[in-house]
Amino acid sequence: TETQFVANHLGPQLEKDHPDVKLLVFDHNKDHINTWADTLLNQTLGARQYVDGIAYHWYAGGMDRLLDGALGIPNMHRLQDNLRKDGMPQQLVLGSESCHCPTTGYAGGDIAVIWARAERYGHTILADLMAGSNGWVEWNLLLDTIGGPNHLGNLCESTLLAAPHRAKDATPDITPLPDFEKDKPMGKTNIGDDRTREELNALGFPAEYLDVGVVVQPIYYYMGHISRYVRPGSYAVSGVIKPGGTKEDGRIFRPKGAVVMGGGENSLARNGIELTVWPCEGSTRQQFYWAMDQQKPILVHGHDWLGHPTKSCFARFVDKELLGLRLTACDSGDSGNFNFLPVADSDDPRYNIVLTNHPYKTTPQCLLIQKLGNNGGAHGPLGGAQIVLGECDANESAKWTVDEKTGEVSSMYLGEEVCMTTGWPFLQMGSFVTPGNNKTVILLNEANDAANFALKNEDNVVLTSSIPPRSIQSFVLK
C-alpha cells in the first residue's frame, strides 16, 4: 500500500538523501481525500512522520468533469477539522491538478462554454483557498491548441496555448499540431483554427498575443485575478456574501415584491451536484418545485452550458463519499419522494420535509442541515453547509420555511437565514490578508444579472458598487 511504501521505503530514503524535499501524499479526487488522509496520517502506521501534506485534484469523481471543480468542499472542511484535532495543522493542503476537460475552449469554440469554464476555474480556486488550501498547481502552463500532447489522448485545458501557426511571421511549414499529436476528442475539427484573428479577439482571445503565436484564453484572466492579488504568504480570512436588510426588503437577484427568481438559468440543475445552504440571494439556484403532501420528487430546472434544458431531483440517500445529498436523475431508482408536513407545534408555521421512500430506514427521515467541519473555514458556518437525511423529531435543523410562490426553502438553524441551494450561489467571494497586511477581496458573479453590493471591512462600509453580469472583480484594501 502507499502507506507501507512511504513508511518503510520512500520516507526514510527521502529523509536520508533529500531532507529538504517535501512529500505530499494522495494526489487524487476530493471525494476520497479523508479516507486516504486518515490512513496515511494514522499515528500507528509509520508514514505520518514523513508526510508534509495532502495533494488533491480539483474535482470530485463521478461526473463529466466539465464543471465539477467546486464539488467536495465540505470534505475539505472535514480534512482541516481532522488535521487540527489530530495535532497536524501544519500539514500542507495543495490542489495539484487544476484544469478543465475535455479539450480546450479555443478548440471547442462555444463562447458560453469558454467563459463558463473560466468562471468555474476562478470559483473553484477561491472555494478551495477559503476552505484552507495552501495553493494550487496548474495542470499545465502551456499546451497545444487541443490540449495536448498526451499519450493517452486525455486532452485538457490550459490557460495558455501554443499556436505558432497563428503568428504573424508564421511560415507555411509550421503546422497547427505536432506530427505525433492526436486530434481527439474533437475529431479533425478545431473550431478555433477555423476562426479569423478578429473573430477570436471578439470572443476573448486577444489578437495581440495571437500575433506572436500564443492563445491567451479567458480562463487565464480569471486565474490572474487570484494569482496577481493573492500572493504567496497570503491567508484566507472570514468573508461571506449576505443579502442586505430583511427578506421583506428583497434579495440580491429578486427585488422586493417580485416572485420570479433572478440570476438567469440555473446551470447547476444537474445530476451529481451537491445540495447545500447559503445566504439567500433570490436566484434560480435556490428555486425548487414540489407537491406539498403528495409524496412526489423535489425538482430543479435549468439549462446546461450549451443551452439544453436540464431537470434533476433530490436523491433518496446520502452520498457515501461526499456525505451529503446530491441531485440525481428523476426517472432513476435513486430519486426520493417527499412530503412537506407541518411541524408538530401548531403555532410553528414551518415544515418538516419527509422522505417517504428511503431504501432501508424504517423511521421517518427528514431533510436536515449538517454543520460544516472546521466551522466552515473562512466562509463560516453559513457558507455551504450540506443537506443530509436524519431523524425528524424535535430536530431544529429539520424545520424549514417554504415559499410556494418563489420556490424558496429557507432556515434559521445556523443563526441567520440561509436558503437551500443547488451547489453554490451565483454571487461568490474570497477574502484574504496578503503580505504587507493588505486585504484583498475577490468577487465573482456567475449570474446573467448585475448585483449591487456594499463591501464592509469589519463594521465599516468601504465601498458600494455593482458587479456586472458574468464577471470577476478584485479589491485591495490598504
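**Pockets and disulfides in a predicted model**

Me: What volume does the largest pocket have?
Reply: The largest pocket has a volume of about 970 Å³. Keep in mind that this is a predicted model.

Me: Which residues lie nearest its centre?
Reply: Val 240, Ile 241, Met 429, Ala 454 and Lys 456, out of 36 residues that line the largest pocket. Strands S20 (427-434), S21 (438-445), S22 (451-457) and S24 (471-477) are the elements that each give two or more residues to that lining.

Me: Which element gives the most to that lining?
Reply: S22, with 7 residues.

Me: And how does the lining of the largest pocket split by class?
Reply: Into 21 nonpolar, 9 polar and 6 charged residues.

Me: How much space lies in the second largest pocket?
Reply: About 380 Å³. Its lining has 19 residues, and Leu 129, Ser 133, Asn 134, Gly 135 and Ser 234 are the closest to the centre. Helix H5 (111-130), strand S4 (135-138) and strand S8 (235-236) are the elements that give two or more residues to the lining of the second largest pocket. By class, that lining divides into 10 nonpolar, 8 polar and 1 charged.

Me: Switching to cysteines. How many disulfides does a search of the whole structure find?
Reply: The search finds 3.

Me: What about Cys 280 and Cys 419: how far apart are their sulfur atoms?
Reply: The sulfur atoms of this disulfide are 2.1 Å apart. The torsion about its S-S bond is about 95°, so the disulfide is right-handed. Cys 280 is in the loop between strands S9 (275-279) and S10 (299-303), Cys 419 is in strand S19, and they are 139 residues apart.

Me: Are those two buried or exposed?
Reply: Both Cys 280 and Cys 419 are buried.

Me: Which cysteine is joined to Cys 366?
Reply: Cys 392, with an S to S distance of 2.0 Å.

Me: Last one, where does His 100 lie?
Reply: In the loop between strand S3 (92-98) and helix H4 (105-108). His 100 counts as buried because its relative accessibility is 0%. Its side chain reaches the backbone oxygen of Arg 117 at 3.0 Å.

Terms used. Residues numbered from 1 in each chain as written. Predicted model: local features only at pLDDT ≥ 70, side-chain atom pairs only at ≥ 80, totals over all residues. Heavy atoms only, no water. 1 Å grid on protein atoms, 1.4 Å probe; cavity = no way out; pocket = protein on both sides within 12 Å on 5 of 7 lines; lining within 4 Å. Points joined across faces, edges and corners; volume = space filled by probe spheres on them. Helix = DSSP H or I, 4+ residues; strand = E, 2+ residues; numbered from the N terminus. Nonpolar A, V, L, I, M, F, W, Y, C, P; charged D, E, K, R; others polar. Buried < 20%, exposed > 50% of the residue type's maximum accessible area, 1.4 Å probe, protein only. Polar contact = N/O pair within 3.5 Å; in protein donor to acceptor, adjacent residues only side chain to side chain. Disulfide = S-S within 2.5 Å.
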